[in-house]
Amino acid sequence: MSMEHARAVADAVLYEGYLLYPYRASSGKNQCRWQFGVLGPPGASDAGHGEDPALASQFVIRLDSENAPAQVSVQVRFLQLQKRFAQQVGADGSCRDVGELVVGARSWLSWDEAVEREVSVGPVRLDALLTGYHEEILVPGGRDVEEVLDDAGIPAGRLLRDRCELRARLSAGIELISGAGGVSTLMRVTVRLENAADAAADKHAAIASSFIGAHLLLEAQGCRFVSMTDPPAEVADAAAACQQHRCWPILAGPRGDDSVLLVSPIILDDHPELAPQSAGALFDSTEIDEILTLRVMTLTDEEKAAARATDPRAAEIIDRCDAMSPEAMQQLHGVLRDPHALADVDLSGSFGFDAEVPWWDPAVDASVAPETDIVVVNGIAVAAGSIVRIHPSRRADAQDLFFANQVARVAAVHSDVDGETHVAVILVDDPAAELHDWYGRYLYFAPDELEPLSERPPSSSEPDHQREESRP
């Protein structure tokens, strides 16, 4: 079940950015494809007509037992480019290349498709990685020919599908991490997948010999993967020392399962899931199913025909959207839930308040007072009015990082139902600080992301000028 769950997510990663709305070859944004996880041939990136040839990831593995055998299986997954050429068959049986082959009501464009590939490696014992491990990957090229018959069963054209040979090298190594008493139950693993094709002369040759949507699925036996996104405190330093190149490792099994790791070309949280309401992949980067489905429905019949002629998967999208029922569309819009479903459920024990008092009533927890509550940071009491310096950490996003090392004034100390503390602050040097305070528009950080600069929180009875003078 773990690998099945992870493979469903990996399939979505494999086709992320494969084809963009409006799914037609005539669309400018579909002239340059394969946005994520492209490993180009060596030298293509430096020459400006291809992508970097490698992805590399480091992650931490915890042994189930020091003496128990531990091993890892690897699935190398990617798309292989397949160039489709449409040819018209003449009355004399000769074939000539055409941009579009039209036979009856159907049509096919000369276009670039892709073929799913998966190469299994291992299982490999972890102790074998101490001396380094290398595996050569070879995917043969080839040509397929598909005849296209007219309504009378007479050959009217054909589709040629050409694939270039792909070559890559998978390498892996391991480093022991000493634990308590010098006993090593932790290991830092390094894996690298690198395109080993010959140099390409131009962008067309480069993409033809590239690994597209490349990623790795790893399954552990006798050991467990450690989250790189939210590692346990005792492993945090080892996880922080790991380096990533053009990928990010995530726990890809169901929540609570740490036996499967996905080395993904796009950043995801641990234990990702496909939305159950989604009727199928739309391939459009960071897709929003409802909006894209509605937009597909607005296409004219001619535009839909052009999309179907572009790619078989585009045709599937158009057909699926055309056949979507109102009930399925409603599922995309949102799930309707019975507001009275929990009417008879006693929630007081779960959240610590009186079920007779509405959750939105301020009296629901009179013990919480954000304007006067105090949290201790580095041995110093911090409360409303305290001056602090911001050091974003944890899972800070880009916007939080903009505030690194800025000085801020604490506005309130909040506690949530999970017992976590959140400190609301306003930047001291923000020209709109007073306005933000008036609106209650604060920045929120965890206590360990703040450095107290005040020796003590000012008393609410102090005049404003005394509070100013207390600042360092």
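The legends below describe several close-up views of a predicted model. In this model local features need pLDDT of at least 70 and side-chain atom pairs count only at pLDDT 80 or more, whereas totals for chains, interfaces and linings use all residues. Residues are numbered from 1 along each chain as its sequence is written, and side-chain values use heavy atoms, with hydrogens and water left out.

**View 1. An aromatic pair joins Tyr 15 and Phe 283.**
Two rings of Phe, Tyr or Trp (for Trp, the six-membered ring) are taken as a pair if their centres lie within 6.5 Å, and the pair is stacked if the planes are under 30 degrees apart, edge-to-face if over 60 and tilted for the rest. By this rule there are 7 aromatic pairs. One of them, formed by Tyr 15 and Phe 283, is tilted, with 5.2 Å from centre to centre and 40° between the planes. Tyr 15 lies in the loop between α1 (2-14) and α2 (44-47) and Phe 283 in the loop between β16 (260-264) and α5 (289-297), so the pair ties together parts that are 268 residues apart in sequence; helices (H or I, at least four residues) and strands (E, at least two) are DSSP runs, numbered from the N terminus. Tyr 15 and Phe 283 are both buried, where buried means under 20% relative accessible area, exposed means over 50% and partly exposed is in between (1.4 Å probe, protein chains only). Together with Tyr 18, these two residues form one aromatic cluster.

**View 2. Arginines lie over the faces of Tyr 18 and Tyr 439.**
A charge is said to sit over a ring if NZ of Lys or CZ of Arg is within 6 Å of the ring centre and within 35 degrees of the ring normal. Arg 313 lies over the face of Tyr 18, at 5.6 Å from the ring centre, and Arg 441 lies over the face of Tyr 439, at 5.3 Å from the ring centre.

**View 3. A cis peptide bond runs from Tyr 21 to Pro 22.**
Most residues other than glycine have a negative phi, and most peptide bonds are trans. The bond from Tyr 21 to Pro 22 is cis, with omega near 10°, and Pro 22 belongs to the loop between α1 and α2. Tyr 21 counts as buried at 11% relative accessibility, and Tyr 23 counts as buried at 0%. A cis peptide bond also joins Gly 122 and Pro 123, with omega about 10°, and Pro 123 is found in strand β6.

**View 4. Phe 283 and Arg 246 have positive phi values.**
Phe 283, a residue other than glycine, has a phi near 65° and is buried, with a relative accessible area of 9%. Arg 246, which is not a glycine either, has a positive phi of about 65°; Arg 246 lies in the loop between β14 (244-245) and β15 (248-251) and is partly exposed, with a relative accessible area of 30%.

**View 5. The side chain of Arg 84 meets the backbone oxygens of Ala 309 and Thr 310.**
Arg 84 is part of strand β2 (residues 71-89) and counts as buried at 3% relative accessibility. A polar atom of its side chain lies 2.9 Å from the backbone oxygen of Ala 309, and a polar atom of the Arg 84 side chain lies 2.9 Å from the backbone oxygen of Thr 310.

**View 6. The largest pocket has a volume of about 630 Å³.**
On a 1 Å grid over the protein atoms alone, a pocket is an open set of points with protein on both sides within 12 Å along at least five of seven lines, a cavity is a set of points where a 1.4 Å probe fits but cannot get out, and lining residues have an atom within 4 Å of a point. Grid points are joined across faces, edges and corners, and a volume is the space filled by probe spheres set on the points. The largest pocket is lined by 24 residues, of which Ala 12, Glu 16, Glu 273, Leu 274 and Glu 287 are the closest to its centre. Helix α1 gives the largest share of this lining, 5 residues.

**View 7. The largest cavity has a volume of about 130 Å³.**
The structure holds 3 cavities of 30 Å³ or more. Of the 15 residues that line the largest cavity, Val 72, Val 74, Leu 129, Ala 172 and Val 191 lie nearest its centre.

Technical notes:
A polar contact is a pair of N or O atoms within 3.5 Å; within protein, one must be able to donate a hydrogen and the other to accept it, and residues adjacent in sequence count only if both atoms are side-chain atoms.
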